[in-house]
Amino acid sequence: METKQQRIIVFGSSGRVGRAAVAEARRRGHEVTAVRRADGEVTDGAAVARLAAGHDAAVVSVYDPGAGPAEFFPAVARAIAEGLPAAGVGRLVSVGLASVLPTASGGPLMDTAGYPQEWREFYLAHGAGTDTLREVAPGTLDWVVLSPAGDFDHEAVPSGGYLVAPAEAGSRITPADFARALLDQIERPTLHRTHTGVASA
């Protein structure tokens, strides 16, 4: 089935996941606006609306190491929830963090035995961003947050496939395979207003 070409804006296109998303979108024939170093702009709803005008969908994969994560991620969520609908963008696929995903047993990955706790504040801040998006995104914005089920493997050869999976500390996926999931959720949305893990197939 032929896929309709879309205009996609990628916030955070200079990061490894952002670069993979841009490459995958272009490989599929979409028109891409790659927004580099969008950390400041993506916390400003008016700037988001200006940049996103004329696009069909957005990918958000941003982090500002100079900002406090507890303030940054909720601010991103509020700006995106305001700016994308104002620009007429209907679909958002955001990149999240596995640490706050539930495992197969139900509890969040960050609470499993042996999981690193030195970045717990960062985990919770990421989760707060998703909670904010859930609270403030209007019904006109169809969003999903995807994250690796465990972590990224930047050295492995892409498998060419992926599957939706609960959090699992040992799970790894390449950015290229993860980008396939991001673009599939733009072309054929099946996940809505949720945070879901993605693992290598």
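Which residue caps the N-terminal end of helix 2? Asp44 does, with a side-chain oxygen 2.9 Å from the backbone nitrogen of Ala46. This is a predicted model, in which local features need pLDDT of at least 70 and side-chain atom pairs count only at pLDDT 80 or more, while totals for chains, interfaces and linings use all residues. Residues are numbered from 1 along each chain as its sequence is written, and side-chain values use heavy atoms, with hydrogens and water left out.

Helix 2 spans residues 45–52; helices here are DSSP runs (H or I, at least four residues) and strands likewise (E, at least two), numbered from the N terminus. Its buried residues (under 20% relative accessible area) are Gly45, Ala47, Val48, Ala49 and Ala52. They pack against strand 1 (7–11) and helix 3 (69–86), where contact means heavy atoms within 4.5 Å. After helix 2 comes Gly54, with a positive phi near 85°.

A nonpolar core is a set of buried Ala, Val, Leu, Ile, Met, Phe, Trp, Tyr and Cys residues joined through side-chain atoms within 4.5 Å. The largest has 26 residues, and Phe11, Val42, Ile80, Leu84, Leu92 and Leu133 have the most contacts inside it. Helix 2 is one of the elements that supply at least two residues of this core, but the largest share, eight residues, comes from helix 3. Another core, of 22 residues, lies apart from it and includes Val22, Val59, Leu182 and Leu191.

Key. Buried < 20%, exposed > 50% of the residue type's maximum accessible area, 1.4 Å probe, protein only. Polar contact = N/O pair within 3.5 Å; in protein donor to acceptor, adjacent residues only side chain to side chain.
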